[in-house]
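Reader: I have the model open on my screen. Can you walk me through it, starting with what the protein is packed around?

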Amino acid sequence: MSEIKNLKPESIWRNFYNLTCVPRPSGHLEKVKTFLLDFAKEVGVEAFIDEGNNVVMRKPASPGMENRKTVTMQAHMDMVPQKSPDSNHNFETDPIETWIDNEWVRAKNTTLGADNGIGVAAIMAVMEDKTLKHGPIEGLITADEETGMYGANDLPTGQLKGDILFNLDSETWGCFVVGSAGGVDVTATRTYKEVTVDKARVALKVTIKGLKGGHSGLEIHEGRANANKLMVRVVTRLVDECKAELSIWHGGNMRNAIPYKAETVVTLPAENETKACAIIDEMKQLFETEYRFVENVVELFAEKTALPEKQMDATDRDVVMKAIYGCHNGVLRMIPAIPTVVETSSNLAIIDIEGGNIKFLMLARSSSESMKAYICDTLKGTLTLGGFDVKLSGDYPGWDPNTDSEALNLLKELYQEMFNEEPIVKVDHAGLECSIILSKYPNMDVVSLGPTIRSPHSTSERCLHATVVPFWELLKRALEEVPQK
């Protein structure tokens, strides 16, 4: 695990390693907040926790640079807790086990937390470095970004001093992000009638797993398989051809992650068990063919399990299955003016069905406010027809690009000078906290940057460690070259 401390730049990787030793899944941040406050005290910078449970650090300007614009560096402290099915990792108590896979840093059977631990580590590296030349700087390390951007939403107005905001949550080196999509959490709930299971039936636990999953913003355009959408096709075949009935369904575990696993329990007449297993084998081969250019592994299998006492009434089951089919999942539209970038999408992230209660959790994204409303209305229309109660929450706006950004022009000039190539300036479909911070601090000049990270929100998450070196060099130069007020 400690091998990553030998990577360059030492200051970022040492701080990132220390961060991986502190449990910090979304919703469980007390330990990491204490860790960050202790760090600030140790290196001699001001730090406090604000009303939004964010950690704020401040460092005065280097001598002679007091008249420079103040820079706020921003990252989020929480990480997505995903693990492989055979992992016993406890995200609330265990450190992340990192390893170096040639050019990549990865974690053993879990998410790595480079999203956004590398950004946090960069802020820590700036705060501890006594040799850097810079104007006034502050670090904003937000809470619970991954589950609803709660820290940014609860950020007090009038607290930040920055004229410029460097968001350190981008995931492609050489790209400066100047805009991002907004999003809405969509939650649909419904009850259903349970009926007693005939004791002559048998029960099968059907599992789909091994899919790539991934970030529902950054990777939604790749057409990765959604475990919930695959499962509805399997269960439908079993209902139609084996007289199966649905008892339990649990698929997905994070609203902003493409679900890589789903499990259901179905009951069926004992004489149809062999036929059901044959259908499941057939569907596995079908999915492998359909997704052969997208997924590396599609695991689909059935295991005999204890017969449940209750199952869903057949009438309710028909309605619910149609609702799952009808829920839009994936890309709805690309940005007409930038056809390589996703404009609007939704992710059928979580399905929980058990004990007479159903809950669907989805995340709808769009860089267009009108299209964001449209995709929400599409989901609501489908689900209300199926008797669901649909609630929208956690609405955050998109971030409109500022093409006259002084901070962007500075970064572009430095990048060209240092690396002898033009950077890419783009808009991301993934939601960034910049839009929320800008709603509270509209005069801030905002750019997002970072090293290369791939497959965040999944166990395939990895950081291209060679890109952390130029990222660090550019960040230092930018702090040194920040213009005067």
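Author: First a term: a nonpolar core is a set of buried Ala, Val, Leu, Ile, Met, Phe, Trp, Tyr and Cys residues joined through side-chain atoms within 4.5 Å. Keep in mind that this is a predicted model.

Reader: Fine. Which residues touch the most other members of the largest nonpolar core?

Author: Ile12, Trp13, Leu36, Met73, Phe166, Leu168 and Leu475 do, in a core of 66 residues. Helix 3 (residues 114-128) gives this core its largest share, 10 residues.

Reader: What else lies apart from it?

Author: Another core, of 53 residues. Tyr192, Met231, Met312 and Val320 are among them.

Reader: Back to Met73. What does Met73 touch, leaving out residues up to four places away in sequence?

Author: Its contacts include Ile123, Val126 and Met127. Phe166, Leu168, Leu475 and Leu479 are also among them.

Reader: What other strand pairs with strand 6?

Author: Strand 2 (residues 55-59), in the antiparallel sense, over 5 bridges. There, Val56 has Leu140 in strand 6 as its bridge partner.

Reader: How many residues of strand 6 are buried?

Author: 6 of 6, for residues 137-142. Ile137, Gly139 and Ile141 point one way. Glu138, Leu140 and Thr142 point the other way, and these are buried too.

Reader: New topic. How many aromatic pairs are there?

Author: The structure holds 6. Take Trp173 and Phe419: their ring centres are 5.6 Å apart and their planes stand at 85 degrees, so the pair is edge-to-face.

Reader: Why does that angle make it edge-to-face?

Author: Because planes over 60 degrees apart count as edge-to-face.

Reader: Where do Trp173 and Phe419 sit in the chain?

Author: Trp173 is in the loop between strand 7 (164-167) and strand 8 (175-180), while Phe419 is in helix 10 (residues 406-419). The pair therefore ties together parts that are 246 residues apart in sequence.

Reader: How is the pair of Phe176 and Tyr415 arranged?

Author: Edge-to-face, with 5.9 Å centre to centre and 85 degrees between the planes. Phe176 is in strand 8 and Tyr415 in helix 10, so to speak of distant parts of the chain: they are 239 residues apart. Phe176 is buried at 0% relative accessibility. Tyr415 is buried too, with a relative accessible area of 2%.

Reader: What do the four rings form?

Author: Trp173, Phe176, Tyr415 and Phe419 form one aromatic cluster.

Reader: Which residue lies over the face of Trp104?

Author: Arg462, at 5.0 Å from the ring centre. Arg462 is also the bridge partner of Arg454, and sits in strand 23.

Reader: How does strand 23 pair with strand 22?

Author: Antiparallel, over 2 bridges; strand 23 covers residues 462-464. Both belong to an open sheet of 4 strands, in the order 4-5-23-22. Strand 4 (98-101) and strand 22 (453-454) are the edge strands, each pairing on one side only.

Reader: Now His215. Where is it found?

Author: His215 is in the loop between strand 11 (201-209) and helix 6 (227-242). His215 counts as buried, at 7% relative accessibility.

Reader: What does the side chain of His215 reach?

Author: The backbone nitrogen of Gly217, at 2.8 Å. Beyond residues up to four places away in sequence, His215 touches residues including Asp115, Asn256, Arg365 and His457.

Reader: Last one. What pairs with strand 17?

Author: Strand 18 (residues 357-366) does, antiparallel, over 10 bridges. The two form a hairpin with 2 residues between them, and Gly355 in the turn has a positive phi of about 65 degrees. Strand 16 (residues 330-335) is antiparallel to strand 17 too, through 5 bridges. Strand 12 (residues 245-251) pairs with strand 17 over 3 bridges.

Conventions:
Residues are numbered from 1 along each chain as its sequence is written. This is a predicted model: local features need pLDDT of at least 70, side-chain atom pairs count only at pLDDT 80 or more; totals for chains, interfaces and linings use all residues. Side-chain values use heavy atoms; hydrogens and water are left out. Rings of Phe, Tyr and Trp (its six-membered ring) pair if their centres lie within 6.5 Å; planes under 30 degrees apart count as stacked, over 60 as edge-to-face and the rest as tilted. Buried means under 20% relative accessible area, exposed over 50%, partly exposed in between (1.4 Å probe, protein chains only). A charge sits over a ring if NZ of Lys or CZ of Arg is within 6 Å of the ring centre and within 35 degrees of the ring normal. Two strands pair if DSSP finds at least two bridges between them. Contact means heavy atoms within 4.5 Å. A polar contact is a pair of N or O atoms within 3.5 Å; within protein, one must be able to donate a hydrogen and the other to accept it, and residues adjacent in sequence count only if both atoms are side-chain atoms.
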